[in-house]
Amino acid sequence: MTGESMAEDAGRSLLPVGKESYSSYLRKNMADIGALSDDQKWRLPFPELFGESLSQVLDAAAADLASALTMLGQGDRLSQLVVIATKSQSVSAHYAPQEDESGLVVVSDSLVALCTSYCQHVSRELSPIADTTSILKSFLRFAVAHFKGTLVGDPARLASVLRYHHVNRRAHGVATALITQQDRRDEDGFSHHDTADLFLLMTIRFLLGHEMAHHALAHHTECSQSPEQESQADFLALQAGNLVNADVMKKNASDIGFVRKQWLEDAGEFYGLVSAVIGMLAVQSLEEALLVRRGRTHRPARERAARLIELSLGDARIHERERILGHRDASFRKRIDSERYGLELLTRSLAEATDKAADFSASPEFDWTVLPTAQVVAPTERHLREVARLDGLLCQPDESLAAALAHSPLHDGALYALAGDTRRAMRAWKVPDATIRTTHDEATALAFYTLVHCIRTASKTYGFSGEDLHELPIVAATLISRGLTHEE
């Protein structure tokens with residue numbers, strides 16, 4: 001007997017994220033796949049927390065959330081909870097209950113990178129509206145946002161940043177980040193990055209808090225099968241996160257002058273909701289883009305967000321407040337209405353970007369032209385063009401994908417895949433039977449890169465090397481993934 005809990009033992013089977021800072025970790029991933037030039041001087045524009053390892057970041061957030069959950073009367077089971085950051089392929093953020101009452105929470109390295117992209121985009125787009133140097137300019141910009149129906153502009157740029165991450169994870173199996181000139185940090189004073197850092201910390205707390213809430217509430221059903229439990233975990237995560245967020249904002253209030261306590265609480269609650277929606281979209285983006293089978297994870301982001309917003313800003317909250325006060329509260333009603341509207345304006349284009357970035361079906365080629373290569377700091381222009389070229393190939397119809405394999409030993413298997421026989425296709429590619437059974441097991445999650453890896457491993461028996469070993473298995477995996485999706 002080792003004295004370990006079952007959660008600790010289960011965590012050992014996962015691929016851990018390195019102990020280096022998360023900035024160094026992502027930079028190494030990009031260097032390994034040739035996305036950076038040897039002489040490229042590049043620093044991730046991430047907050048100071050990314051100077052620590054991802055495990056340290058999650059451990060600190062988990063400790064804060066555990067204190068908050070205890071204050072909410074939900075801390076009894078938390079001593080048996082294990083939190084792990086992983087680079088495993090088939091995970092976004094997940095809670096796994098164990099028979100000994102311990103619990104395992106797993107968070108993907110990719111998920112945090114995606115959240116960072118969302119938060120940078122939101123803060124950059126909001127900064128002109130939040131410009132306190134000119135009330136008139138802020139009012140005019142908000143009026144334009146009202147007319148357009150969104151606060152954060154064209155979703156195409158965000159979609160491109162997300163898409164870059166997704167293509168690399170599908171092709172190489174590693175987390176990466178696309179950095180533009182706008183993402184460079186201003187070392188001199190306040191910039192939109194301060195807001196981005198705030199959103200990112202809140203988003204991490206919500207995502208981690210959601211999984212911790214499942215353990216605190218003793219949930220054992222897959223959350224995608226229980227919308228009610230999913231909503232319970234979301235709401236408890238929001239409450240716990242808001243306690244932590246409010247505490248942090250109060251501690252920092254002295255740095256921004258006299259601020260009313262109630263304003264801090266109201267602002268913290270609204271930002272917490274925004275961050276929760278960002279986290280939900282990031283999970284959906286990862287699961288739709290990177291997992292072939294994703295039905296056993298989280299509910300769709302729009303559904304989750306609608307439920308959480310109704311719980312937080314619904315009429316029931318207004319009626320309960322007015323019942324306690326004994327009279328109608330017009331100012332509170334106005335605040336709730338404005339927050340509902342603000343959330344709608346803020347998240348509409350984020351949801352659209354999420355859908356665009358994660359669509360790898362046979363569809364029109366993804367439009368990379370909205371992201372001028374001259375504005376990209378990292379990766380190199382050559383690598384970005386290669387990613388765009390590969391992306392265009394993989395969004396072709398099945399017949400075109402099979403044609404791309406026509407002059408290779410993978411062609412016979414491609415024809416079987418076209419006919420809908422994915423098992424026979426993989427046998428023709430010399431994939432071991434045990435691996436074929438695993439990839440076709442509908443009870444387990446399946447990542448796109450898992451298909452690439454097993455086909456690439458088998459392809460070495462054909463003597464594939466260089467570009468063929470890189471590209472042809474990705475094309476073959478695309479055919480198989482579409483076939484498996486149709487089988488469901």
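Mentor: A residue is buried under 20% relative accessible area, exposed over 50% and partly exposed in between (1.4 Å probe, protein chains only). The model here is predicted, so local features need pLDDT of at least 70 and side-chain atom pairs 80 or more, while totals for chains, interfaces and linings use all residues. Residues are numbered from 1 along each chain as its sequence is written, and side-chain values use heavy atoms, without hydrogens and water.

Trainee: How many salt bridges does a search of the whole structure find?

Mentor: Side chains of opposite charge can pair when their charged atoms come close. The cut-off is a Lys or Arg side-chain nitrogen within 4 Å of an Asp or Glu carboxyl oxygen. The search finds 25. In one of them, glutamate 386 meets arginine 389 at 2.7 Å, N to O.

Trainee: How many residues apart are glutamate 386 and arginine 389 in helix α13?

Mentor: Three, in a helix spanning residues 381-394, so about one helical turn separates them. Helices are DSSP runs (H or I, at least four residues), numbered from the N terminus. Glutamate 386 is partly exposed at 25%, and arginine 389 is partly exposed at 39%. Elsewhere, shared partners join Glu269, Arg317, Arg335 and Glu339 into one salt-bridge network.

Trainee: Are arginine 335 and glutamate 339 buried or exposed?

Mentor: Both are buried. Their side chains meet at 2.9 Å, N to O, and the two residues lie four apart in helix α12 (residues 330-358), about one turn.

Trainee: Which helix pair has glutamate 303 and arginine 307?

Mentor: Helix α10 (residues 301-313) holds both, four residues apart. Glutamate 303 is partly exposed at 27%, as is arginine 307 at 34%.
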